[in-house]
Amino acid sequence: MRRPLFLPTARQTNWLLIIAFVSIGEALYLRYMAIENSNVALACQAGLKTWLCGTFHLTLVLSNYQVFGIVAMVAAVLNMLRPSLVLAALVLAAAGFGVVLHNADLSALAAALLILSLARPAPAAE
């Protein structure tokens, strides 16, 4: 008898959608309201100490080192080896940030691997 495929339930799928939309929404907010907004970017670079400027600096550092794409790719490979809902959520969140914040190469590949992981058999019950 064949093992069933890794397929999240409807409730799990709803949570995955919420995670994906929130991460993409936050990435869009950071990109267009902080990074590409010249007034905010100049104020943050001049030394303004607000939560938005702290997030601005952290996002720039992580984006410059391709951290979003690397995290998404590592989680996607681990999810291919052993499918898990937590890893799928991590891939969605990191890939969403990566695609919006110009780390699209590894992030898009990670999203493709996440789609392929849905064709993998579910882990065997222990």
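Predicted model: local features only at pLDDT ≥ 70, side-chain atom pairs only at ≥ 80, totals over all residues.
Student: How many helices and strands does the chain have?

Tutor: Start with the definition. Helices (H or I, at least four residues) and strands (E, at least two) are DSSP runs, numbered from the N terminus. Here the chain has six helices and zero strands. Read from the N terminus, the order is α-α-α-α-α-α.

Student: What box do the C-alpha atoms fill?

Tutor: Roughly 65 × 25 × 20 Å, taken along the principal axes.

Student: What percentage of the residues counts as buried?

Tutor: Buried means under 20% relative accessible area, exposed means over 50%, and partly exposed lies in between (1.4 Å probe, protein chains only). Of the 126 residues in the chain, 33% are buried. Take two alanines as cases. Ala41 sits in helix H2 (residues 38-45) and is buried, at 8% relative accessibility. Ala46 sits in the loop between H2 and H3 and is exposed, with a relative accessible area of 69%.

Student: Now pockets. What is the volume of the largest pocket?

Tutor: First, the terms. The search runs on a 1 Å grid over the protein atoms alone, and a pocket is an open set of points where a 1.4 Å probe fits, with protein on both sides within 12 Å along at least five of seven lines. Lining residues have an atom within 4 Å of a point. Grid points are joined across faces, edges and corners, and a volume is the space filled by probe spheres set on the points. In this model, the largest pocket has a volume of about 210 Å³.

Student: Which helices each supply at least two residues of its lining?

Tutor: Helix H1 (10-35), helix H5 (85-100) and helix H6 (104-117). H1 gives the most, with four residues. Among the lining residues are Phe6, Pro8, Leu16, Ala88, Leu92 and Ile115.

Student: How do the lining residues divide into nonpolar, polar and charged?

Tutor: By class, Ala, Val, Leu, Ile, Met, Phe, Trp, Tyr, Cys and Pro count as nonpolar, Asp, Glu, Lys and Arg as charged, and the others, Gly among them, as polar. The lining of the largest pocket has eleven nonpolar residues, one polar and no charged.

Student: Which residues form the nonpolar patch on the surface?

Tutor: Patches are made of residues with over 30% relative accessible area and no salt bridge; nonpolar side chains (Val, Leu, Ile, Met, Phe, Trp, Tyr) are joined within 5 Å. Areas come from the Shrake-Rupley method with a 1.4 Å probe, and for residues only the protein chains shown count as cover. The patch consists of Ile24, Leu28, Tyr29, Tyr32, Met33 and Trp51, with about 610 Å² of accessible area together. H1 gives the most to it, with five residues. Met33 is in helix H1 and is partly exposed, at 42%. Tyr32 is also in helix H1, and is partly exposed at 44%.

Student: How many salt bridges does a search of the whole structure find?

Tutor: A salt bridge is a side-chain nitrogen of Lys or Arg within 4 Å of a carboxyl oxygen of Asp or Glu. The search finds one. Arg31 pairs with Glu36, their closest N and O atoms being 3.0 Å apart. Arg31 is buried, at 16% relative accessible area, whereas Glu36 is partly exposed, at 45%.

Student: Last, backbone angles. Which value of phi does Gln66 have?

Tutor: Most residues other than glycine have a negative phi. Gln66 has a positive phi, near 60°. Gln66 lies in the loop between helix H3 (51-64) and helix H4 (67-81) and is partly exposed, at 27% relative accessibility. His102 is not a glycine, yet has a positive phi of about 65°. His102 lies in the loop between H5 and H6 and is exposed, at 57%.

Notes. Residues numbered from 1 in each chain as written. Heavy atoms only, no water. Patch = residues over 30% accessible without salt bridge, like charges linked within 9 Å, V, L, I, M, F, W, Y side chains within 5 Å.
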